[in-house]
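Please look through the sequence and the structure below before reading on. The report then takes up a few parts of the model in turn.

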Amino acid sequence: MDLEQARNHLDLARKQCDKAATDSWEPQEPASCVTNVFYAYENVIVALAECFTIKWKKNHYDKADVAAQLAKEGRITTDVSQELLRLNTLRKDVSYGEPGHDLINEDLEGLVSELESFIDESDEILSKLEDQETDEDG
Amino acid sequence: MDRATELIPEVKAFMRGIEGIGNDLCVVLVGSAARETQTENSDVDLLVISKEPTTDLDVPRRVHLVRATYDDFLKQLERGEDFEAWCVRLGVPVHDNGLWSEILARPESKVWPSWRKKVVHGATRLFLASELIEIGDPEASAEELLYTTGHIARGLLLKNNVFPLSRPELEDQVRAIGYPHLAAMHQQLRTNADNDGGDFLRRCQLYSKRLLVHLSAEDYRNCSKEIEKKKRTKLHKKANSK
C-alpha cells in the first residue's frame with residue numbers, strides 16, 4: 001500500500017477532470033475532453049490499486065481488469081471497467097484524425113459529471129486510509 | 001475470410017458476433033494486423049462500412065472498431081484523410097457484401113492523402129501532450145506524443161510521395177527519407193522503452209514542434225492560433241463564472 005502514490009494519481013485525475021470540464025464547454029473540444037476523462041479514470045484506478053495493494057501494469061486492458069476487480073471485491077460501488085474500454089475506443093477514433101460519429105454525439109458534460117462522482121467516492125476511500133495511517137503512526 | 005484473417009481469434013470472434021447482419025455491412029482488417037506487423041500490445045483494428053449507421057455491434061476485447069457509412073467514408077477519402085486512404089490501399093477485406101469492391105472502384109479511392117492535414121492532427125495531439133506534461137502525467141503524455149510523432153511521420157512521408165505503412169513500419173520509412181532522430185523517438189515511445197523521464201518527453205515535445213513547423217509553418221501557426229483562441233475564450237468564461 002503506497003498512499004502517497006495513490007494521492008499523486010488522484011491529484012492527477014482531478015487536474016485532468018478539470019481540464020475535461022473546460023473542454024466540455026462551448027466551443028466544445030470532444031477529442032481533448034474524452035482523452036482527459038479516459039486518463040483521469042485510469043489514474044483513479046491506479047490510485048485505488050495503490051490503496052489496496054493490487055498489482056497494476058502500464059496497459060489499458062490491465063487497468064480495466066483492476067477496475068472490475070475493485071468493484072467485484074466491493075472496494076468501490078461502480079464497475080467502470082466497461083466504461084474504460086469504451087473510452088479507450090472513443091479516444092482512438094480521433095487519434096487517427098477527425099472525430100468520428102460516436103465522439104461527436106457524446107454527452108461531454110454527462111461524462112465529466114460521472115467522472116467527478118467517481119473521483120469523489122475514491123477520494124473518500126483514500127482519505128479514510130490516510131487518516132488510519134496517521135492514527136497508527138501517531 | 002482468407003487464411004491470414006482466419007488465424008486472428010479476435011476477427012473470428014467479431015465475425016461470429018455479426019452473424020445474421022453480414023449482408024448489411026463489410027468488414028476490413030486494417031492497421032498493423034493487416035500488415036502482419038502487430039506486437040503483443042497492438043489492438044486488432046477493424047473497419048466496418050455500411051449504408052446506414054450501425055449500432056450495438058458486439059466488439060470483442062482488443063478489437064478497435066472504426067465504423068463509417070459508405071457516404072461518409074467516400075467523403076473522407078475525397079477530403080484527403082490518410083486513414084481512409086490507408087484502408088483502401090492496404091486494408092484486407094474480411095467480409096465484403098459488395099460495398100468494399102464498390103469503394104475500391106470509385107475515383108475517390110485514388111486520391112493521394114493530404115500531408116497538410118497531418119500538420120493539424122499532429123499539432124492538436126502535441127498541444128494535448130504538452131498539457132499532460134505540464135500537469136505531470138508522463139505515461140499519458142508519452143502516449144499522446146506517440147500519436148503526435150506518428151502524424152508527423154505520416155505527413156513527412158506523404159509530402160515525399162511515400163505512402164505510410166503501419167505504425168511499426170513507419171520508423172524504417174522515415175529513416176529512409178532522412179529523419180533518423182524521428183524514427184528513434186517514435187520507436188522509443190512505441191515500445192514503452194525506459195526513458196530518462198521528463199527530459200525525454202520534453203525533447204520529444206520540442207522536436208515535434210520543430211518538425212511540424214518544418215512541414216508547414218503556416219498550418220502550424222494557424223492551428224496554434226485556433227487552439228489559443230479557444231483557450232482564451234474558456235479562461236474568460238471560467239473567470240466570469242467565479
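## A helix and its surroundings

Is α5(B) mostly covered or mostly open, and how many of its nine residues are buried? In this predicted model, α5(B) is mostly covered, with seven of its nine residues buried. These buried residues are D82(B), F83(B), E84(B), A85(B), W86(B), C87(B) and V88(B), and a residue counts as buried here if 20 or more other C-beta atoms lie within 10 Å of its own.

Several elements of chain B take part in covering the buried residues of α5(B), including the strands β1 and β2. The helices α4, α6 (99-105), α7 (115-135) and α8 (138-159) of chain B are also among the elements that cover them.

## The sheet of chain B

Chain B has an open sheet of four strands, which follow the order β3-β2-β1-β4 with mixed pairing. Because β3 (63-69) and β4 (92-95) of chain B stand at the edges and each has a single partner strand, one side of each is left without a neighbour in the sheet. Direction ignored, neighbouring strands of this sheet are turned by 30° against each other on average.

In general, the strands of a sheet pair through backbone hydrogen bonds, and they do so either in parallel or antiparallel fashion. The antiparallel sense is found between strand β1 (residues 25-30) and strand β2 (residues 44-50) of chain B, which pair over six bridges, and C26(B) stands opposite I49(B) in β2(B). Helix α4 (residues 70-79) of chain B lies across β2 and β3 of chain B, where it runs at about 95° to β3(B).

## Two domains in chain B

According to the domain assignment, chain B consists of domain 1 (3-110) and domain 2 (115-241), and the C-alpha centres of these two domains of chain B lie 26 Å apart. Their contact takes nine residues from domain 1 of chain B and 11 residues from domain 2 of chain B.

On the side of domain 1 of chain B that touches domain 2 of chain B, the elements that give two or more residues are α3 (32-35) and α5 (82-90) of chain B. The residues of that side divide into no nonpolar, five polar and four charged.

## Where the chains meet

Between the two chains, 23 residues of chain A are in contact with 25 residues of chain B. On the side of chain A that touches chain B, two or more residues each come from α1 (3-24), α2 (30-51) and α4 (81-95) of chain A, and the largest share, five residues, comes from α1(A). By class, this side of chain A has seven nonpolar, nine polar and seven charged residues.

Definitions and conventions:
Residues are numbered from 1 along each chain as its sequence is written. Chains are lettered from A and ligands numbered from 1 in the order in which they are written. This is a predicted model: local features need pLDDT of at least 70, side-chain atom pairs count only at pLDDT 80 or more; totals for chains, interfaces and linings use all residues. Two strands pair if DSSP finds at least two bridges between them. Axes are lines fitted to C-alpha atoms, for helices over the stretch in contact, and angles run from 0 to 180 degrees between N-to-C directions. Two residues are in contact if their C-beta atoms, placed from the backbone, lie within 7 Å. Domain bounds come from an automatic or database domain assignment. Ala, Val, Leu, Ile, Met, Phe, Trp, Tyr, Cys and Pro count as nonpolar, Asp, Glu, Lys and Arg as charged, and the others, Gly among them, as polar. A residue is buried if 20 or more other C-beta atoms lie within 10 Å of its own, exposed if 12 or fewer, and partly exposed in between; C-beta atoms are placed from the backbone.
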